[in-house]
Amino acid sequence: MINKKLDRIELINSYEDDKLQIKIAKIKKKENYFEYTDEIAPLPEYKEINGIKVYKRDKQRAINALNHAHYSCEIDIKHVCFLRKDGLTPYTEAHHLIPLAFQYKFKNSLDIEENIVSLCSNCHNEIHYGFNAKILINKLFEERKAVLKAKGINISIDELYEYYGL
């Protein structure tokens, strides 16, 4: 029964993540590089879908995170990304390293630039469905744990693996 509920939570949150990708798909690369700030973001709003809290994603925060990474894959900047429809901006996807489905376990917002990574489509799918997911998640976590901690988000790598079902 618990696994069925977790599957429903993952499905609903995956749908919300897909909606976010569609919203940012037509953006143009900004010339200004985005810098992290000391601001602590308030908890995001949520809606209930079939008894499951689904937290709102902020499109601008996702765009800022992609811009911070220069629209390159944070697993490996050499990964080739096709261009968005503007013909200038590499296509990368915004991914919450700590999934928003687990927002209820944290007192500070997870929908922040420091928790959103820029990934090529292949790496994004590898994290969700691939054999090497643990390796990729570990790499991203090691690179982000200090900035997450600075935002009051404390998590161990084992907890993060658990969130991904690893």
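## Stacked rings

Phe-102 is buried in this predicted model. Its relative accessible area is 14%. Phe-102 stacks on Tyr-163, because the ring centres are 4.0 Å apart and the planes meet at 5°. This pair links distant parts of the chain. Phe-102 sits in the loop between β3 and β4, while Tyr-163 belongs to helix α5, 61 residues apart. Tyr-163 is buried as well, with a relative accessible area of 12%. Ring pairs join Phe-102, Tyr-104 and Tyr-163 into a cluster.

The count of aromatic pairs comes to four. One of them is Phe-82 with Tyr-91, which is stacked, at 4.8 Å centre to centre and 10° between the planes. Is Phe-82 buried or exposed? Phe-82 counts as exposed, at 51% relative accessibility. Tyr-91 counts as buried, at 15%.

## Lysines over rings

Lys-53 lies over the face of Tyr-46, 4.7 Å from the ring centre. Lys-134 lies over the face of Tyr-161, at 4.8 Å from the ring centre.

## The nonpolar cores

The largest nonpolar core has 30 residues. Ile-98, Leu-119, Ile-137 and Leu-160 have the most contacts inside it. Four elements each supply at least two residues of this core: β4 (116–119), α3 (121–129), α4 (133–150) and α5 (157–163). Helix α4 gives the most, with six residues.

A second, separate core has seven residues, among them Ala-62, Ile-63, Ala-65 and Leu-66.

## Helix α2

Helix α2 covers residues 59–68. Eight of its 10 residues are buried, so the helix is largely enclosed by the rest of the structure. The buried residues include Arg-61, Asn-64, Asn-67 and His-68.

Asp-58 caps the N-terminal end of α2. A side-chain oxygen of Asp-58 lies 2.8 Å from the backbone nitrogen of Gln-60. After the helix comes His-70, with a positive phi near 55°.

## A buried glutamate

Glu-114 is found in the loop between β3 (93–96) and β4. Glu-114 counts as buried, at 3% relative accessibility. Not counting residues up to four places away in sequence, Glu-114 touches Tyr-36, Thr-37, Arg-144, Val-147, Leu-148 and Lys-151.

## Confidence

The mean pLDDT of the protein chain is 86. Of its residues, 80% reach 70 or more. Among the elements, β4 has the highest mean pLDDT, 98. Helix α1 (residues 2–24) has the lowest, 58.

Methods: Residues numbered from 1 in each chain as written. Heavy atoms only, no water. Core = buried A, V, L, I, M, F, W, Y, C linked by side-chain atoms within 4.5 Å. Buried < 20%, exposed > 50% of the residue type's maximum accessible area, 1.4 Å probe, protein only. pLDDT = per-residue confidence, 0-100. Polar contact = N/O pair within 3.5 Å; in protein donor to acceptor, adjacent residues only side chain to side chain. Contact = heavy atoms within 4.5 Å. Phe/Tyr/Trp six-rings, centres within 6.5 Å; stacked < 30°, edge-to-face > 60°. Lys NZ or Arg CZ within 6 Å of the ring centre and 35° of its normal.
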